[in-house]
Each structure stands twice: as structure tokens, then as C-alpha cells.
Amino acid sequence: MQRNVLGVASTTTAAADASVITVDTSGGNRTISLPALSGVVGRQYTFINTGTNDMVIDPNGSEKIVNTSTTTLTRDVKGSVVTIIATSGFWAVVSDFVP
């Protein structure tokens with residue numbers, strides 16, 4: 001299975017056609033906004049932090065990422081990898097690796 005890889009170096013919204021997003025945080029914190037859950041159930045994203053500043057994954061509006069104490073998920077370690085999937089009520093963390 002081929003995956004579409006997108007590299008970003010600025011705050012942006014996760015592209016509908018991307019499945020792996022490398023986030024260059026070497027120039028500062030970067031926030032990746034997620035699309036609204038409605039209409040994307042089953043969509044999976046993998047985020048990879050390639051720098052040393054904050055990679056912030058931000059769900060739409062009041063939507064949540066399960067197993068987080070806030071509405072966002074932040075990783076600030078180079079090489080961190082987070083995979084999430086959209087369910088009908090929340091974004092679920094499939095895997096979370098921090099080296």
C-alpha cells in the first residue's frame with residue numbers, strides 16, 4: 001500500500017490526500033489542524049516531528065483526541081511519531097512513539 005507523504009514547515013491544515021505528514025519544527029512550533037470528523041471517519045494520519053520544537057496536533061473546534069488531557073496533542077522530541085484515526089466521535093491514537 002502506497003502512502004502519500006506530505007512535508008510541512010509551517011502551521012497548516014492536514015491535507016485530505018496525505019496519510020503521512022512530516023513536520024519540520026526546527027524553525028519553531030508548528031500546529032497541524034485536523035479536519036472535522038464529519039465526513040472523514042476512518043481517515044488515518046501519521047505525524048512525524050523532524051525538528052526539536054513543538055508539533056501540535058489540533059482537532060477541529062471542540063473535538064478531542066482520546067487519551068489526552070487537553071484538546072490538542074503535543075510532541076516536542078525529534079523523531080516522535082503519532083498515528084491517529086477518525087472515529088464517529090473522536091480522534092483515536094493508534095500509536096504514539098517518543099524516542
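**View 1. The protein chain runs β-β-β-β-β-β-β-β-β from its N terminus.** The count is zero helices and nine strands. Both kinds of element are DSSP runs numbered from the N terminus: helices are H or I with at least four residues, strands are E with at least two. This is a predicted model, in which local features need pLDDT of at least 70 and side-chain atom pairs count only at pLDDT 80 or more, while totals for chains, interfaces and linings use all residues. Residues are numbered from 1 along each chain as its sequence is written, and side-chain values use heavy atoms, with hydrogens and water left out.

Along the principal axes, the C-alpha atoms fill a box of roughly 35 × 35 × 20 Å.

The accessible surface comes to about 5,000 Å², and carbon and sulfur atoms hold 50% of it. Accessible areas come from the Shrake-Rupley method with a 1.4 Å probe; for residues, only the protein chains shown count as cover. Of the 99 residues, 35% are buried. Buried means under 20% relative accessible area, exposed over 50%, and partly exposed in between (1.4 Å probe, protein chains only). Among contacts with a separation of 6 or more, 54% link residues 24 or more positions apart. A contact means heavy atoms within 4.5 Å.

**View 2. The largest nonpolar core holds 19 residues.** Such a core is a set of buried Ala, Val, Leu, Ile, Met, Phe, Trp, Tyr and Cys residues joined through side-chain atoms within 4.5 Å. Which members touch the most others? They are Ile21, Leu34, Tyr45, Phe47, Ile57, Ile84 and Trp91. Strand 3 (20-23), strand 5 (44-49), strand 6 (55-58) and strand 8 (81-86) each give two or more residues to this core. Strand 8 supplies the largest share, three residues. Look next at Ile21. Beyond residues up to four places away in sequence, Ile21 touches Leu6, Val8, Ala14, Tyr45, Thr46, Phe47 and Ile48.

**View 3. Tyr45, Phe47 and Trp91 form one aromatic cluster.** Rings of Phe, Tyr and Trp (its six-membered ring) pair if their centres lie within 6.5 Å; planes under 30 degrees apart count as stacked, over 60 as edge-to-face and the rest as tilted. By this rule there are two aromatic pairs. Tyr45 and Phe47 make a tilted pair, 5.8 Å centre to centre with 35° between the planes. Tyr45 and Trp91 also make a tilted pair, at 6.1 Å centre to centre and 40° between the planes. Tyr45 lies in strand 5 and Trp91 in strand 9 (residues 91-97), so this pair ties together parts that are 46 residues apart in sequence. Are Tyr45 and Trp91 buried or exposed? Both are buried. The relative accessible area of Tyr45 is 0%. Phe47 is buried as well, at 0% relative accessibility.

**View 4. Strand 4 (residues 30-33) has a covered face and an uncovered one.** Arg30 and Ile32 lie on the covered face. Thr31 and Ser33 lie on the uncovered face. In a regular strand the side chains alternate between the two faces of the sheet. Strands pair if DSSP finds at least two bridges between them. Strand 2 (residues 12-13) runs parallel to strand 4, joined by two bridges. Thr13 has Ser33 as its bridge partner in strand 4. Strand 4 also pairs with strand 6, in the parallel sense, over four bridges. Here Ser33 stands opposite Asp58.

**View 5. Arg75 is found in strand 7 (residues 73-75).** Arg75 is buried, with a relative accessible area of 18%. Leaving aside neighbours within four places in sequence, Arg75 is in contact with Asn49, Asn53, Asp54, Met55, Ser80, Val82, Asp96 and Val98.

**View 6. Gln44 is found in strand 5.** Gln44 counts as partly exposed, at 27% relative accessibility. Outside the four places on either side in sequence, contacts of Gln44 include Arg3, Ala18, Ser19, Thr83, Ile84, Ile85 and Val94. Thr12 is 32 residues from Gln44 along the chain, and their C-alpha atoms are separated by 17 Å.
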